Amino acid sequence: MARRFDELDRITADLTRTLNGIHVDTHHHPLAADRVHANARGHAIAFAAIATTIALDAERRAGRRTAG
């Protein structure tokens with residue numbers, strides 16, 4: 001399963017870049033227990049990574065708008 005999830009992550013990241021979207025890879029986080037199933041801590045880590053990535057992307061996009 002790990003190989004298939006790695007391939008899914010690669011495809012998702014590539015598609016996200018093509019669509020100018022946001023991709024957050026929590027699959028390879030060091031605290032992921034079995035890289036498939038998350039417990040409450042895993043969900044909290046994933047949420048924090050997603051929130052941080054969205055905030056950084058929003059700042060980047062806002063800076064681009066005001067700089068131009």
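**Helices and salt bridges in a predicted model**

Visitor: Which residue forms a salt bridge with Asp-14, and how far apart are the closest N and O atoms?
Guide: In this predicted model, Asp-14 pairs with Arg-10 in a salt bridge, and their closest N and O atoms are 2.8 Å apart.

Visitor: Where do Asp-14 and Arg-10 lie?
Guide: Both belong to helix α1, which covers residues 2-18. They are four residues apart, about one turn of the helix.

Visitor: Stepping back, how many helices and strands does the protein have?
Guide: The protein has two helices and zero strands.

Visitor: And what share of the residues is buried?
Guide: Of the 68 residues in the protein, 10% are buried.

Visitor: What about the accessible surface of the protein?
Guide: The accessible surface comes to about 5400 Å², and carbon and sulfur atoms contribute 62% of that area.

Visitor: What share of the contacts with a separation of 6 or more comes from residues 24 or more positions apart?
Guide: Such residues account for 40% of those contacts.

Visitor: Back to the charges. How many salt bridges does the structure hold?
Guide: There are five salt bridges in the structure.

Visitor: Which residue forms a salt bridge with Asp-57, with closest N and O atoms 2.5 Å apart?
Guide: One such partner is Arg-60, at 2.5 Å between the closest N and O atoms. The side chain of Arg-61 also meets that of Asp-57 in a salt bridge, with an N to O distance of 2.5 Å.

Visitor: How are Asp-57 and Arg-60 placed in helix α2?
Guide: Helix α2 spans residues 40-67, and because Asp-57 and Arg-60 are three residues apart in it, about one helical turn separates them. Arg-61 and Asp-57 are four residues apart in helix α2, about one turn of the helix.

Visitor: Why does Asp-57 count as buried?
Guide: Asp-57 counts as buried because its relative accessibility is 11%, and the cut-off for buried is under 20%. Arg-60 is partly exposed at 41% relative accessibility, and Arg-61 is partly exposed at 26%.

Note on methods: Residues numbered from 1 in each chain as written. Predicted model: local features only at pLDDT ≥ 70, side-chain atom pairs only at ≥ 80, totals over all residues. Heavy atoms only, no water. Buried < 20%, exposed > 50% of the residue type's maximum accessible area, 1.4 Å probe, protein only. Contact = heavy atoms within 4.5 Å. Areas by Shrake-Rupley, 256 points an atom, 1.4 Å probe, with all protein chains shown as cover. Salt bridge = Lys/Arg side-chain N within 4 Å of Asp/Glu carboxyl O.
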